[in-house]
Amino acid sequence: MKQFLRGATILWVVLRFGLDSLVLDSLPHRLWLRQLARPLSLGRRFDAPRGQRLRQALECLGPIFVKFGQVLSTRRDLLPADIADELARLQDRVPPFDPEIAVATIERAFRRPLEQVFTRFERTPVASASIAQVHFATLRDRQGVEREVAVKVLRPGMLPVIEKDLSLLRLMAGWVESLSADGRRLKPREVVAEFDNYLHDELDLVREAANAAQLRRNMQGLDLVLVPEIFWDFCRPEVMVMQRMNGVPISQVERLREARVDIPKLARDGVTIFFTQVFRDGFFHADMHPGNIQVSLEPETFGRYISLDFGIVGTLTESDKEYLAQNFVAFFRRDYKRVAELHIESGWVPPETRANDLESAIRAVCEPYFDRPLKEISLGLVLMRLFQTSRRFHVEIQPQLVLLQKTLLNIEGLGRELDPELDLWNSAKPFLEKWMREQMGPQRLWRELRAEAPRYAKLLPELPRLVHGVLRQRPPEQLVLRELLDAQKRTNRLLQSIIYGGLGFVLGLLCMQFFMRVRVF
């Protein structure tokens, strides 16, 4: 009954914001369906753009659908630009839940009263989102030192709500996919499955704590960004305790200027942090919108970024990094043939694709960018256009690259909001060139030899014995030949047995016939 009521609510919101017209407009060959739905449009006027109506409908449906819209906004390789831009404006404007429920969750997680966990706990939350909310507190660490911490607590009863809404989303995705070719191209079922993974990952705060610990370890030597310390003794799947960070939200640019923060340097540092995470570590914060970024004004860390909320991270393999770096370098050299070859070499393009056709399509997308200065070129948009062009050639874009493209757009927009003169390419170029040198030159050979040194050290003393053992064995060709001869002999013996058995059977029948005839006469 509850699921039926939820479905009715969703249908009412769909009709209220005219989302049914978005689907019907993509059905040129289903005139009868549009005629049937025409009475539903009586008395409704939709002056707002389609993207705005979709965003408002998701906000009306609640936090789970807001989160779904946020994930959907990352799929710019699938969505029209106007809808993706509007969905990117979705924010978690969710009222906090009762602090007593948060206290009960903490006490259940640690199996002891709140006063035995924290020496002080602020019951008024400082932040609230669709999945969790945050409280400030104080605790004593293992050394008995009092530490200021932030306590992240999951919203209660999230899993049943998520499962119900996900089942409805899967149902609607199946409808959209079955109605039109455009619906199938958007791959709604795959998007819902991706959303399912994101949500269930965010419901495990231990996983988020592990992401934060990895990023903190990776960023320690860079001195450009602060990542909170994780207190592992106080982390559970529904509660995460981390170091309290004091900073100014990066969106408050005027306040940062008044504090004498070097804004152009801050913009360049953001690019440095991102490309270091991508091309050095292959492990990057994939949710870097302004709500998750602050700037420290403390004297010892003045002007450094503060990174928060590690529920979504991206990982890249060495082949992913090589693909991206070579694509960027080839693009800025206007080597479209190389860009096409990279798409084919990646294995994401069907083998029958003609490189000349793909090169021509990429040229048509990329060439207009070179009519403007490099500082005005959007690397995020370049990557998005490449993905969209690849879609025409049935390329399956990998999820980690979609996350990267979304994060690159966030970083680029944030950097240019801080400094409109930011030249992202000049900031990224040193990392790409350095990475290419390390991958193609003697540094990579030395690095791989050093990594394999323990294995070689164990193998070398055994090498003479292994070589001697191999030389004493028969050559592989002789072994194969002998096995073939043995098999042939076994086959011959089997055939002989069958032939002799058959002859004996026939002779036996003839003898029986002969003796029977003799006895009769």
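The model is predicted: local features need pLDDT of at least 70, side-chain atom pairs count only at pLDDT 80 or more, and totals for chains, interfaces and linings use all residues. Residues are numbered from 1 along each chain as its sequence is written, and side-chain values use heavy atoms, with hydrogens and water left out.

**Whole chain.** The chain has 23 helices and 11 strands (DSSP runs, H or I of at least four residues for helices, E of at least two for strands, numbered from the N terminus). Of its 521 residues, 43% are buried (under 20% relative accessible area, 1.4 Å probe, protein chains only).

Select residues 132-140, strand β3, and residues 146-154, strand β4. The two run antiparallel, joined by nine bridges; strands pair if DSSP finds at least two bridges between them. Find Thr138, which stands opposite Glu148 in β4. Now go to the turn: five residues lie between β3 and β4, and Gly144 there has a positive phi of about 80°.

**Next strand.** Ala150 stands opposite Met242 in β6.

**Helix α16.** Select residues 336-345. Which residues of α16 are buried? They are Tyr336, Val339, Ala340, Leu342 and His343. These residues are on the same side of α16 because they cover an arc of only 155° around the axis, taken from the directions from the helix axis to the C-beta atoms.

Note on methods. Buried < 20%, exposed > 50% of the residue type's maximum accessible area, 1.4 Å probe, protein only.
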